[in-house]
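I opened this notebook to record, step by step, what I looked up in a structure that was new to me.

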Amino acid sequence: METSQRYSRQKVRIVKVFCLPLAVLLVGALILSAQTDLTGFWVLRVPVGSPTYFELKQSGETITGSFAHTGRPISGTLKGGTLRLVATFTRQKETGQTVYEGVVEGGVIALSVRSSGPRKPVKGTLERTTREVVFPSRLPLPELRDVPDNGLVRTPPMGWNSYHTRPINDATIRAMADAMASTGMSKVGYTYINLDAGWSGRRDEKGNIRGNVNFPDMKALADYVHSKGLKIGIYSSPGSDACSGSYGYEEQDAKTYAAWEMDYLKYDWLCANRIYGVWVGREPFERRYKSTKEEYQGVYQKMGEALFRTGRPIVFSICQYGLGEVWKWGANVGGNLWRTTDDINDSWESMEANGFSQLEIGQYAQPGHWNDPDMLEIGNGGMTADEYRTHMSLWSLLAAPLLASNDLRSITEETKGILMNTEVIAIDQDPDAKPVRRITQEGKTEVLVRPLRGNDEENSVAVGFFNRGDQPAEVGVRWDSLGLGTVTNNGLGQKSFKARDLWKHQPVPVTGDRYTTTVSVHGVVLLKVSAVTRWPR
Ligand code: GLA
């Protein structure tokens, strides 16, 4: 009797200690999964990077849905209180998976995000949101009027952009500023250290934009860059929170940038297309929407005016890939430079397409207002030295901004020789900003000429002999086709020519009627040719 009583007491204890809590947990999980309906819009926030938006539908334990902005499918389960979502992606022709996993309890779901490949898992939070946040409505746009000229960048801006640097954080940016000074790049004109996407975090309760965990103190960072004698640039978008944009906070953000003592803003259209655009269904993704020219203008004018009103000189860099023929109105909305092309990448094809497509719009570049065929890829490793010399020569003939994007901390002597060629930089920075023109084109070769500032005694042009073909080629022009007139001795003055090779850094003899040279594959010969007039005394 005693023994059986002891057994039943033990049984009760076992039930109490182990089974009951288990049962409670099980029932709890069942109730939770029965009650939880994840149908609706969700936002995933990670410590660094823009939020991701999902539209989910739940049916029993099965979840289906999509990335709200791209329509890319995502699916998974909610089982025993655990949410597991899987999406496939294609990166550089490889297919992989991203798995989002976490326990559903309370309004904010802690998720771990794991992607196939080398990326480390990250932790994020998934919160409910609304259709209105995901697809914000248009804000009223200002009446179009000219934004006063801020008087900045009378010659094309020069500096460095962080887009290709991963990861970016306060220390990396400081190191780039150090390198800009220690390499001597700052002495030859490179001035701006520009942050691209990836610096911003969540707004505070007053709506003030802040740096993310990697940028704890933006003002301190700006102070550091200034202490090196350099200037600092920041990056935003007219899009919403979906791409860390300034939508609805334009004035406030401009004031914040001014308070941080920023000197430059790149304002990248990105997902503003989802607000102001109309779906046209064309690849690539950011170009699937189209807006009217007036909408682009209004959106950029809004920030142009906001920056101007801060009273701080801030270069305004418009980035919307040339849409709506931005070169025709960029200056009116306060733009100091405007992207004219799609994104460049570190390949000959991309650089060639961006650079050689600019010749028709040269007249829109003027002191203070520049066409921007995108950053320099020099030193990033995807092109030959000849191709990088073509890149530098072409950008200089175009009076394009010279914004390096290579890792300045490990810059090689060869790359320095290209980026820091002061004779080529002088062409880019010529104060007259006269447009380059093509004077001959034969097969894959062409000759481009840009007039430079002259005076009564000396008039010069920069001449680029380009070979876009895949065999070395002879390229030549008549000296008298360069717009410098002919060598004369007309009794009033005696005109003679002199020429200099800006990559070999040596004079070129001017003999005969023509100059002919052999240009390497994808290479360039860049000359400065001057007509020197000696007036009788
Ligand atoms: C766009 C811009 C690029 C770069 C990236 C950042 O594609 O055109 O220059 O700023 O966004 O994500």
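Entry 1, the ligand. I began with Asp 268, and I found that one of its polar side-chain atoms lies 2.8 Å from an oxygen atom of the ligand; I keep in mind throughout that this is a predicted model. I then looked up Arg 339, where a polar side-chain atom lies 3.1 Å from a ligand oxygen, and Asp 343, where the corresponding distance to an oxygen atom of the ligand is 2.5 Å. Next I asked how much of the ligand the protein covers, and I noted 85% of the 310 Å² of accessible area that the ligand has on its own.

Which residues are around the ligand? Besides Asp 268, Arg 339 and Asp 343, I listed Tyr 163, Asp 196, Ala 197, Tyr 235, Lys 266, Leu 270, Cys 319 and Tyr 321. Sorting this shell by class, I counted six nonpolar and five charged residues, and I found no polar ones.

I looked up the extent of the C-alpha trace, which spans about 135 × 50 × 45 Å along its principal axes. The accessible surface of the chain comes to about 25,200 Å², and I noted that carbon and sulfur atoms hold 52% of it. I also checked the contacts between residues with a separation of 6 or more, and 62% of them join residues 24 or more positions apart in the chain.

I turned to strand β27, which covers residues 524–534, and asked why it can be called largely enclosed by the rest of the structure. The reason I wrote down is that nine of its 11 residues are buried, that is, under 20% relative accessible area.

Which strands pair with β27 in the antiparallel sense? I found strand β21, residues 458–467, which is joined to β27 by nine bridges and runs antiparallel to it; within this pairing, Val 463 stands opposite Leu 527 of β27. I also found strand β24, residues 494–501, which pairs with β27 over eight bridges, again in the antiparallel sense, and here I noted Arg 500 opposite Lys 528 of β27.

Methods:
Residues numbered from 1 in each chain as written. Predicted model: local features only at pLDDT ≥ 70, side-chain atom pairs only at ≥ 80, totals over all residues. Heavy atoms only, no water. Near = heavy atom within 4 Å. Polar contact = N/O pair within 3.5 Å; in protein donor to acceptor, adjacent residues only side chain to side chain. Areas by Shrake-Rupley, 256 points an atom, 1.4 Å probe, with all protein chains shown as cover. Nonpolar A, V, L, I, M, F, W, Y, C, P; charged D, E, K, R; others polar. Contact = heavy atoms within 4.5 Å. Buried < 20%, exposed > 50% of the residue type's maximum accessible area, 1.4 Å probe, protein only. Helix = DSSP H or I, 4+ residues; strand = E, 2+ residues; numbered from the N terminus. Pairing = 2+ DSSP bridges.
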